[in-house]
Each structure stands twice: as C-alpha cells, then as structure tokens.
Amino acid sequence: MTVLNIRKMARPILLLLAAVIIAALALQAWGYLWDRAAAKADRSNAMQVMKPISQVQVSPVILPDFFVEYRLERDRLRSEQADILEEVIRTATKDDEREKAQDAILKLVGDKQREVEMENLIKARGYDDALVIMSDNDVSAVIKAKDLKREDVLQVADIIGRISGVNPEEITISAKP
C-alpha cells in the first residue's frame, strides 16, 4: 500500500510554480528592456538636412516614473536572488541546505504576491499608485499622493497589517507626488 506524503509532493510543486512565476517576471523585464533598446534610432548613416524650421516644436520630457522604475529594480533583484537559490538547490549536497533554499524561494514568491495584493488594495482606495516593500521585520509603503491625512494612513496601515501580519508599529507609510 502506497502512502502519499502531501508535504513531500507540495514542495516540488510549489518550487516549480515559483520558478515559473520568476521566469515569467524575468521574461517580462527582458521584453521591456528589449523594446526600450529597439526604440532607439540608429543615426550612424543619417544625413543632416539644413532646412529652416518655421515653428519651434517642443516635445514634453517624460521623466521615469518612480513607482515603475522601483518595481522593475525590485523584480530584477528578486530574479537574481532566485537564480542564486536555484543554483544552491541544484548543487546542494545536504537535504537541509536544499530545503532552506526551497523555503527561501517560496518566501520570495509569497512576499511578491502579498506586496502586489497590498498595492492593488491601496490603489482600490482611490490612489493613483502605491508601492509596498516587505522585509523580514517591517513593511514600508509609498503612496502616490501629495499628502496623506491621518485617516488615510490608518486605512493603508490596516490593509498592510491584515495582509502582511506585521504589527502597526512596524509599518512605515509615506507620500510621494
């Protein structure tokens, strides 16, 4: 009679799921960077045309968005961490080393899911954007707003506390226009 151990089956499945999510994030970041590089014009064979311009054309300068840039950097760093942990799993000689690396990958994936969930719930409150950063002992949130009222801070802290399980004293909330 064969007895199935759910814990032993769940770990490889969760590890595979984590690897798929990390690979999807890496592909998305790669596509973004590829599109960005392809958008640059090749002017090595361009000719200069001397023609008077009747009107001055001004194009708006698009500054990089703090929230987008931070998310891309966060995803890049997590991808690097996951790659290192996958290498540890592949080369580990002891089962406890392999299990610790698997647990760390699962934590990375879980943190990412909770951060995205908190960001979406905060944006559902009417804010243009939100960025949540989880660490081992605390959570920081940056809300896209000129300023935050006390009631706004309390609502955001409630969302973060419920999802992350962190005490209110360990939550930092700030505004960034």
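By salt bridge I mean a side-chain nitrogen of Lys or Arg within 4 Å of a carboxyl oxygen of Asp or Glu. This is a predicted model, where local features need pLDDT of at least 70, side-chain atom pairs count only at pLDDT 80 or more, and totals for chains, interfaces and linings use all residues. Residues are numbered from 1 along each chain as its sequence is written, and side-chain values use heavy atoms, with hydrogens and water left out.

Back to the pair. Arg76 and Glu73 both sit in helix 2, 3 residues apart, about one turn of the helix. Helices here are DSSP runs of H or I with at least four residues, strands are runs of E with at least two, and both are numbered from the N terminus. Arg76 is partly exposed at a relative accessible area of 38%, and Glu73 is partly exposed at 35%. The cut-offs are under 20% relative accessible area for buried, over 50% for exposed, and partly exposed in between, with a 1.4 Å probe and protein chains only.

Arg76 has a salt bridge to Glu80 as well, with the closest N and O atoms 2.4 Å apart. Glu80 and Arg76 are 4 residues apart in helix 2, so about one helical turn separates them. Glu80 is partly exposed, with a relative accessible area of 39%.

Which residue forms a salt bridge with Arg71? The partner is Glu119, and the closest N and O atoms are 3.3 Å apart. Arg71 lies in helix 2, residues 66-91, and Glu119 lies in helix 3, so the pair ties together parts that are 48 residues apart in sequence. Are these two buried or exposed? Arg71 counts as buried at 17% relative accessibility, and Glu119 is buried with a relative accessible area of 4%. In general, side chains of opposite charge can pair when their charged atoms come close.

Arg71 and Glu119 also belong to a network of salt bridges that links them with Arg74, Arg78, Glu115, Lys123 and Asp129. The whole structure has 16 salt bridges.

Next, helix 3 itself. Helix 3 covers residues 95-124, which is 30 residues, and its first and last C-alpha atoms are 43 Å apart, close to the 44 Å expected at 1.5 Å a residue. That expected span is 1.5 Å times one less than the number of residues. The buried residues of helix 3 include Asp111, Lys112, Glu115 and Glu119, along with Ile105, Leu108 and Ile122. After helix 3 comes Gly126, which has a positive phi, near 110 degrees.

For the overall layout, the protein chain has 4 helices and 3 strands. From the N terminus, the order is α-α-α-β-β-α-β. Of the 177 residues in the chain, 27% are buried.

The 3 strands form an open sheet in the order 1-2-3, with mixed pairing. Strand 1, 130-134, and strand 3, 171-176, are the edge strands, each pairing on one side only. Two strands pair if DSSP finds at least two bridges between them. Strand 1 and strand 2, residues 139-144, are antiparallel to each other over 5 bridges. Within that pairing, Ile143 in strand 2 is the bridge partner of Ala130.

Last, the interior. A nonpolar core is a set of buried Ala, Val, Leu, Ile, Met, Phe, Trp, Tyr and Cys residues joined through side-chain atoms within 4.5 Å. Which members of the largest core touch the most other members? Of its 18 residues, they are Ile122, Ile143, Val156, Ile160 and Ile173. Helix 3, strand 1, strand 2, helix 4 and strand 3 each give two or more residues to this core, and helix 4 gives the largest share, 5 residues. Apart from this core lies another, of 7 residues, among them Ala82, Leu85, Ile105 and Leu108.

Ile143, then, is both the bridge partner of Ala130 and a member of the largest core. Leaving aside neighbours within four places in sequence, the contacts of Ile143 (heavy atoms within 4.5 Å) include Phe67, Ile122, Tyr127, Val156 and Ile173.
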